[in-house]
Amino acid sequence: MDRFDAMRVFARIVERRSFTRAADDLALPRATVTDAIKALESRLGVRLLQRTTRQVTPTLEGEVFYGRCLRLIADMEDAEGAFRNTRPRGPLRIEVHGTLARHLLFPRLPAFLDAYPDIELDVSEGDRYVDLVREGVDCAVRVGELRDSDLIARRLTLLAEATAASPGYCKRHGTPTDIDALQGDGHVMVGFKSTAIGALLPLEFQHEGRVRHVTLPTRVRVSGADSYVGAAFAGFGIIQAPRYRLDDYFAAGKLIPLLELFPPLPSPVNIVYARTRLPSPRLRAFIEWASNTF
């Protein structure tokens, strides 16, 4: 294994915190990965990784070497691509919020795959907050304000939000006509627990140039977007979600829009990647395509 391949192996181990996961990502035998690190440490004369029974972490020397490896690998990929005039190629791991993937991303992905036939996409979808570096994810498409300073973000779009409840809920509790009526008339909400902040999100309304947050009692709490809408169907309370998810249910009469004169703030959608990892040509291609598409 040459030095650049050994650097790629080392970088992936640092990111995945595991020899086995790194070997799986790179489609290499576990023994080959182990031998590559032993040879690298021997050549440099320093210990790069600390191994425990639970995970692998870089030493201080390993952290420094990891940063330099990223720059060298990115420079080599750029240089090879420029001289070969090759198209971006290889695997690209993306994490996308499940409903966003199904409603907005997947219908448009054929155009990206047609434009870049040598890129292989591995798309994970879920509601949890993914650690991009440790889980070996190249980028994520995230909804909401960003709180992680270790990520570089590029704004894709803003999603209009709406407030809703089921017809059954409105029959039992009434249809609120203003924000104050929510608390005065005994309304309840479906609690949505954000994995980003580990707490229930309040309802949000724009009123007279200000944003008001209202937290109502809740008997049902969820942490998944599909469960959140499902709880509204069952009449467990008021919800707020992107309009693209609710418009079909409004049209079918399964949900009723509420307080439309006081809409929530629109939610930003960003594509993010780790500040410590220079974007590969395939990642740059996806970022540019996503920016133009959204």
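Guide: Welcome! A residue is called buried when its relative accessible area is under 20%. Please keep in mind that the model is predicted.

Visitor: Which residues in helix 5 are buried?
Guide: Helix 5 covers residues 98–105 and is mostly covered. Of its 8 residues, 6 are buried. Those residues are Gly-98, Thr-99, Leu-100, Ala-101, Leu-104 and Leu-105.

Visitor: Is Cys-139 buried or exposed?
Guide: The cut-off for buried is under 20% relative accessible area. Cys-139 has a relative accessible area of 0%, so this residue counts as buried.

Visitor: And Cys-69, is that residue buried or exposed?
Guide: The same cut-off of under 20% applies. Cys-69 has 1% relative accessibility and therefore counts as buried.

Visitor: How many disulfides does the structure hold?
Guide: A disulfide needs a pair of cysteine sulfur atoms within 2.5 Å. By that test, the number of disulfides in the structure is 0.

Visitor: Is helix 1 parallel or oblique to helix 2?
Guide: Helix 1 (residues 3–16) packs on helix 2 (residues 19–26) with the axes 8 Å apart and an angle of about 125 degrees. Because of that angle, helix 1 is described relative to helix 2 as oblique.

Visitor: How many charged residues are in the contact of helix 1 with helix 2?
Guide: Helix 1 brings Arg-8, Val-9, Arg-12, Ile-13 and Arg-16, while helix 2 brings Phe-19, Arg-21, Ala-22, Asp-25 and Leu-26. By class, the contact of helix 1 with helix 2 has 5 nonpolar residues and no polar ones. The number of charged residues is 5.

Visitor: Are helix 9 and helix 10 roughly parallel or roughly antiparallel to each other?
Guide: The axes of helix 9 (residues 225–233) and helix 10 (residues 243–252) come within 12 Å and cross at roughly 30 degrees. Angles under 35 degrees fall in one class. Helix 9 and helix 10 are therefore roughly parallel.

Visitor: Which residues in helix 10 meet helix 9?
Guide: Helix 9 passes helix 10 in a right-handed crossing. From helix 9, the contact uses Ala-225, Asp-226, Val-229 and Phe-233. By class, the contact has 5 nonpolar, no polar and 2 charged residues. On the helix 10 side, the residues are Arg-245, Leu-246 and Tyr-249.

How values were computed. Residues numbered from 1 in each chain as written. Predicted model: local features only at pLDDT ≥ 70, side-chain atom pairs only at ≥ 80, totals over all residues. Heavy atoms only, no water. Axes fitted to C-alpha atoms, helices over the stretch in contact; angles between N-to-C directions. Helix = DSSP H or I, 4+ residues; strand = E, 2+ residues; numbered from the N terminus. Parallel < 35°, antiparallel > 145°, perpendicular 65-115°, else oblique. Left-handed = near helix turned anticlockwise from the far one by under 90°. Contact = heavy atoms within 4.5 Å. Nonpolar A, V, L, I, M, F, W, Y, C, P; charged D, E, K, R; others polar. Buried < 20%, exposed > 50% of the residue type's maximum accessible area, 1.4 Å probe, protein only.
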